[in-house]
Amino acid sequence: MVMPLTIRGFRVFQGYLDSPAQEALVAGLREVARQAPFYAPVTPSGKPMSVRMTSAGRLGWVTDRGGYRYQAHHPEGMAWPPIPETVLDIWRAVSGVSRDPDCCLVNYYAEGARMGMHQDKDEGQFEWPVVSISLGDEGLFRMGNVARGGKTESLWLRSGDVVVMGGEARLAHHGVDRIRFGSSRLLPKGGRINLTMRVVDQGKTEQQPSSP
Ligand code: SIN
Ligand code: FE2
């Protein structure tokens with residue numbers, strides 16, 4: 001296995017996935033998106049996010065006027081599809097823990113999309129890592145501190161890179177300032193996909209009834 005680069009506790013496996021592995025993941029995600037289409041999320045204050053989002057797994061992470069949370073259904077009411085085995089294989093290889101994640105959040109960055117600095121903190125416990133997989137165009141990933149503000153360090157994440165956010169990095173702020181649209185040919189329409197796998201347990205969850 002490639003040795004990870006460690007930046008502020010973020011363990012970055014550069015070039016972890018070769019092209020065939022990336023293609024296999026994209027095929028699996030196409031099936032996820034067929035069953036649970038990408039949708040346009042809004043923040044609890046009603047601000048549209050620039051990424052498009054869906055999830056796989058027992059729970060999906062969602063945001064709308066009702067808040068940030070995990071729930072068992074897509075906003076349109078269907079159950080989330082299972083996390084593809086190809087994705088779970090990566091978690092099992094790099095997470096260092098013996099249980100599988102509950103959620104795989106899928107974010108799609110089209111041209112101009114970004115993700116503000118935030119912490120992943122809607123899960124029940126923080127001793128489990130979050131594992132991130134990048135596919136498609138390069139994204140400028142910013143790594144900060146557990147407390148808001150302060151110095152940060154940035155790194156371009158490329159298609160096939162895997163990041164493990166555990167230990168001191170588990171609650172560190174992070175975000176994506178911009179993508180280099182058109183820098184990869186993996187996705188036919190361009191853009192960047194990022195997957196993050198999380199153990200949710202008794203996190204901030206809410207069972208919502210299916211849409212009427
Ligand atoms: C996230 O923090 O949810 C996304 C990180 C990324 O896109 O690399
Ligand atoms: Fe995050």
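W61 is buried, with a relative accessible area of 10%, where buried means under 20%, exposed over 50% and partly exposed in between (1.4 Å probe, protein chains only). Y68 counts as partly exposed, at 34% relative accessibility. The ring centres of W61 and Y68 are 5.4 Å apart and the planes lie at 25 degrees, so the pair is stacked. Rings of Phe, Tyr and Trp (its six-membered ring) pair if their centres lie within 6.5 Å; planes under 30 degrees apart count as stacked, over 60 as edge-to-face and the rest as tilted. The structure holds four aromatic pairs.

The model is predicted: local features need pLDDT of at least 70 and side-chain atom pairs count only at pLDDT 80 or more, while totals for chains, interfaces and linings use all residues. Residues are numbered from 1 along each chain as its sequence is written, chains are lettered from A and ligands numbered from 1 in the order in which they are written, and side-chain values use heavy atoms, with hydrogens and water left out.

Seven strands form an open sheet in the order β1-β2-β11-β8-β13-β6-β3, with antiparallel pairing. Helices (H or I, at least four residues) and strands (E, at least two) are DSSP runs, numbered from the N terminus, and two strands pair if DSSP finds at least two bridges between them. The edge strands, β1 (5-7) and β3 (52-57), each pair on one side only. Strands β8 (residues 130-136) and β13 (residues 192-198) are joined in the antiparallel sense over six bridges, and V131 stands opposite M197 in β13. Helix α1 (residues 19-35) packs on the sheet, touching β3, β6 (103-109), β8 and β13; contact means heavy atoms within 4.5 Å.

The largest nonpolar core has 31 residues, and those with the most contacts inside it are F10, V51, M53, Y109, F141 and V163. Such a core is a set of buried Ala, Val, Leu, Ile, Met, Phe, Trp, Tyr and Cys residues joined through side-chain atoms within 4.5 Å. Strand β6 gives the most to this core, with three residues. Apart from this core lies another, of 28 residues, among them L17, W91, V162 and L187. Residues up to four places away in sequence not counted, M53 touches P37, F38, Y39, P41, W61, L105, V106 and N107.

Two arginines have their charged ends over aromatic rings: R180 over W156, 3.9 Å from the ring centre, and R192 over Y109, 5.0 Å from the ring centre. The criterion is NZ of Lys or CZ of Arg within 6 Å of the ring centre and within 35 degrees of the ring normal.

Notes:
Axes are lines fitted to C-alpha atoms, for helices over the stretch in contact, and angles run from 0 to 180 degrees between N-to-C directions.
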